[in-house]
2 protein chains.
Amino acid sequence: MRKDWKNGPLYRCWLSYGGYRLTEKSLRFRPFCRFVRIPEDAGPVLRSAAEEWRRAAGEIFGVRPGLTADDPGCPHVRLRADEAAPAGAGSGFRISLESGPSPCLTVSGRGESGVLTGVFALLRAVGRGRSPEEAQTEEESRNELRMIDHWDNLDGSVERGYAGRSLFFRNGRVLRNTARITDYARLLASVGINAVALNNVNVLPPAGKLITGKYLPAVAKIAGIFSAWGIRTFLSVSFASPAELGGLPTADPLDEGVRRWWARKADEIYRLIPDFGGFLVKADSESRPGPYTYGRNHAEGANLLAEALAPHGGLVIWRCFVYNCHLDWRDRSRDRAKMAYENFAPLDGRFRENVILQIKSGPVDFQIREPVSPLFGAMRRTSQMMECQITQEYTGQQIDLCYLVPLWKEALEFDARTDGERTPVRSVVDGSRFGTPHGGMAGVSNVGDGPGWTGHPLAQANLYGFGRLCWQPALSAEAAAREWADLTFGARSPAADTAVSMLLRSRAVYERYTSPLGVGWFVNPGCHYGPSVDGYEYSRWGTYHRADCKGIGVDRTARTGTAYTAQYSPSVAAVYEDPKTCPEELLLFFHHLPYSWRLRDGRTLLQYIYDSHFEGCAEAERLKSDWLPLKGQVDPDFFAEVLRRLDLQIEDAREWRDVVNTYFFRKTGVPDEKKRKIYP
Amino acid sequence: MRKDWKNGPLYRCWLSYGGYRLTEKSLRFRPFCRFVRIPEDAGPVLRSAAEEWRRAAGEIFGVRPGLTADDPGCPHVRLRADEAAPAGAGSGFRISLESGPSPCLTVSGRGESGVLTGVFALLRAVGRGRSPEEAQTEEESRNELRMIDHWDNLDGSVERGYAGRSLFFRNGRVLRNTARITDYARLLASVGINAVALNNVNVLPPAGKLITGKYLPAVAKIAGIFSAWGIRTFLSVSFASPAELGGLPTADPLDEGVRRWWARKADEIYRLIPDFGGFLVKADSESRPGPYTYGRNHAEGANLLAEALAPHGGLVIWRCFVYNCHLDWRDRSRDRAKMAYENFAPLDGRFRENVILQIKSGPVDFQIREPVSPLFGAMRRTSQMMECQITQEYTGQQIDLCYLVPLWKEALEFDARTDGERTPVRSVVDGSRFGTPHGGMAGVSNVGDGPGWTGHPLAQANLYGFGRLCWQPALSAEAAAREWADLTFGARSPAADTAVSMLLRSRAVYERYTSPLGVGWFVNPGCHYGPSVDGYEYSRWGTYHRADCKGIGVDRTARTGTAYTAQYSPSVAAVYEDPKTCPEELLLFFHHLPYSWRLRDGRTLLQYIYDSHFEGCAEAERLKSDWLPLKGQVDPDFFAEVLRRLDLQIEDAREWRDVVNTYFFRKTGVPDEKKRKIYP
């Protein structure tokens, strides 16, 4: 690792301006670099935007622009904030080139945050070798919340974190050295993120105390840093706070004392953090307290907090990850996949205006392949957000390469067919489909305090892509990868081409050598890394594959199974209900089928399992041979760290291949048709 | 729980003198209770013995004997220490009744420790309703070391502890409040234990520092308490101490500086703890440092420490639990069961006189059923100890009832047939078979700071029985259970009868509902509790069952398998080699057999698996129905705690039954012949 690693591309990520590749076209930005013009009364976000442009211009073109409030009478960049948009209306910016004697490149936006997003878009154009003319654009994001959820604990650990320790906490305290948080805020702002939850949704002692006087001043300091980059801070809270912190005898949402406690608590927080975003809540889930404890429903629970935050413009983000985690594997009638819907769909219309339900993209838990949650599109009068997992809990833990944007993209584009009409999930979460007041996307952070932020350097593409997708859900997974690679390795460089190719293949590779056809859960319990086919098969977690010597898969049909399919609109349900029409990649999520089942290409199910595992492993090896030629073309630290992980991935892929193939060979006694090595 | 729980039988265990049941015969001890005579120059151990007799007499007969140095001229108890035995010669005592005008019950022994053991034997006779005449006996133990190994960590946790926190350590410190340690020392002394290792053999920071000035004074205080009860203290040390603590560049056993470091360290320890026992060492095992790190063998490693301790009369207890824990499940030629033998047998004769090899009873790791380690009987010129696990790591974790004395007894009685001659393992470990200078038994402690010491109150019988078996390996498992139950519940009480019956059945019950016929390892990885049939099947730990759709078991034969059998003497090997002669309870440890294999009673192997799991679970339920009628006859806290655990055991037994039966049904598709419920 180089000594000045904070100046290397591992740390600087896609904002390594010094590494941007200049082209004939992009050199034409140079004349605009003498001045940047902002009004005298510019607020902190606009000042951040101007400062970023000055820094970037200095590093890219060797010219650090002067700051001016007036027309300098020569080419310059002008930053101008229009009226801020009302809450819930999304954000937008415009980049325009005015020619003439004193040409001006103007970045205007809705509010100062809009301008900031626009300046980063401008830098993206520069970094990708575009000309000033080509940089002109007008963009708008309908996603009000573009959010990162941190599962950071006060002791400095990160739940499901694979990239180091927390950026915010250590040894029970909020970190005082906040230098790195500014760099982090810049990274997030650069891709359009505008909200961040600092602490783990599992609010365990002492994290519950973050909303007390002991911690709030330090939290406010962090919130102030984010604020200057257009990002609002949220906190995860325990539903039982009035009892845990306030000494009240109850946390019953209908109790008058509890209501007063939360109202006072909100006042206290907003005194210290005026632009505080609100609360993120995991309630009645995996042993966390919630309204069910008091015989109340989740609307009553969420509304309690919403009432307290409403006077301050705060939001309640209420997670729908509520299920019975003490299921009996013997009982085939209960289905964890159905539980988010069962708990929340009946409450549609009963939440206060400033409540948003945060729904995981799939119905179970961030597997490499799941259908999209049927809860999207099932509620017409409730604001909804989609929760994605950027951190690779089940998808390789930033050891295995797995570009996740395609997965999120699939979820956003999924058509729920509510009322028989086109209902892409992205139109549900941005509020446009049902006219719900709030919405957006949240991604569980994949960053930590390691030198490269995300463990696997190529996993930076997931953070980048998540933010870009939040801003612009229409962006393709390939375009996001291309942008990221161009900015990271140099526009249209061979390294960028290779990285894009690796990223785009990676999800399929990981899926092939892990769990087939949507069945999921072949992982080691607890850590969720590496193969253990039966690891969750007899557990209480509701995550089964039901493999025996004849067949495999979970029957979730309405006809003979758990009737999970019935949670979808009729036309969608009909597709899933029949194994002949069910998308093949989800076959075992919906159906229990014999190993002799013929897939559309004529192969048996069992042979597909063998084939995909041999192929996936071979493809993992190919990722490495693709990367190797980049030696010397990529920063040495970046190169070495990727290579190290590709080696680990190959080892793991072989383990996956052999364990899964042996498992099914032992179960069936049926050998591989192609006579490849399956250990007995 | 009663408020004065320290006076209840849960805490007092088999030394609850107030609960001893008086009989016509035992009442005849009463006249001897007026005086206890010890010489004026009695040392601390003899004083402990006298004090124990006074306390017991007071509680049993309501008469607290006076202490006298001279003949009181009336019936009395006399304690008299003969010459102490030379090191390695074992221990003994004699109880004799001298009638006449001033009848005297004399307890004499080899050294004060011998007398102490004798006093407890005398109390045992009282508690079991014997007369003074019947109490007369002469006993001798050839096991020099009768030892308890604690796996206690400095933070207060206990590795594989299921009964609370450490009695010695808390939060990185040695406990200052040592009150409870005296009670513990009494319990151990009462069953003949004479050595204790305080800390975990996995010596992780900061435990390595126990042998530094920072900790030694506090350790010395604890050692002093044990010393007064005839128990010597040992410490587990890290082989890398010279580097970790001494700042030396190496811990190479052949390095002169390293040798000097250990010699000085030994001097330092013995200055503070004059009767220090010596070091217990886990080296080159499960990532602990050891001589292999420096290209040396285990004799060179052990001799390094032995040389340092020899001038002080200290011993090195060197564990043989050395194996490769990065095995490949695909490779059927490597066998963890062979590794202790492979590492140590070739070194026979190369260890210094004061080194003892501590060998686990079985070749793998404390499963409910294993053959006896072939290493016993393979070394003729090396002192050996048997290591047993009193704590129930794999045998129900003191939730499930499992009386382990029968298992240890089997190991002690196992005839290794060295050189074709009768070689019971107990004659190897006590040194008599080969004339080795040292030996004995060590048991991994099952105690913690919970109110009843051992979690499950009936698990006190394991601690009791282990000590008694160390003293008197000829004792039967039933006799040990009977003694314990008589002392705990009242001699020949219905509760004692029930408890004995439950204890004696318990091992078979646990074995039936867990893993069949010696195959082992059907447990959840890491925690080792509850069923996970494939949990270790594809791991690096070398613990496999090799089940497929046709058969199960590990082929360890010389003819077609790993040739583990060849580590036994030829006549023993021949028995194991052939599935027709192999003891059936070990069938799957030694052989891979088809499910259709016929057991001697005509049942198929598969049907045996189903049957035993249904039976084991039903028998677990029977344990509860046996216990229930004792309500009111047993101390209420004791009763309730046992009942609570029996309920948990039943739940767990059902889970075991269903998971294991379903696993094999799914794998084979063959239903239960008796059509009992097996979940699909």
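Two strands count as paired if DSSP finds at least two bridges between them. Keep in mind that this is a predicted model.

**Exercise 1. Work out the strand order of the open sheet in chain A, and find which strands stand at its edges.**

Solution. Start with the order: the six strands of this open sheet in chain A line up as β2-β1-β3-β5-β4-β6, with mixed pairing. Now look at the two ends. β2 (66-68) and β6 (137-141) of chain A each have a single partner strand, so one side of each has no neighbour in the sheet. As you step from one strand to the next, the twist averages 15°.

**Exercise 2. Describe how β3 and β5 of chain A are joined.**

Solution. Strands of a sheet can pair in a parallel or an antiparallel way, through backbone hydrogen bonds. Here, β3 (residues 76-82) and β5 (residues 104-110) of chain A run parallel, with seven bridges between them. For one spot to look at, find A:His76: opposite it stands A:Cys104 in β5(A).

**Exercise 3. Find the strands that helix α2 of chain A lies across.**

Solution. Locate α2 at residues 44-61 of chain A; this helix lies across β1 (35-37), β2 and β3 of that chain. Then check its direction: α2 runs at about 160° to β3(A).

**Exercise 4. Work out how chains A and B are related.**

Solution. Superpose chain A on chain B: this takes a rotation of 180° with 0.0 Å of shift along the axis, and the RMSD is 0.0 Å. That is the relation of a two-fold axis. In chain A, the C-alpha nearest the axis belongs to A:Lys667, 2.7 Å from it. Lastly, check the interface: 100% of the interface residues of chain A are also interface residues in chain B, so the copies meet through the same surface.

Technical notes:
Residues numbered from 1 in each chain as written. Chains lettered and ligands numbered in written order. Predicted model: local features only at pLDDT ≥ 70, side-chain atom pairs only at ≥ 80, totals over all residues. Helix = DSSP H or I, 4+ residues; strand = E, 2+ residues; numbered from the N terminus. Axes fitted to C-alpha atoms, helices over the stretch in contact; angles between N-to-C directions. Contact = placed C-beta atoms within 7 Å. Least-squares fit on C-alpha atoms with pLDDT ≥ 70 in both.
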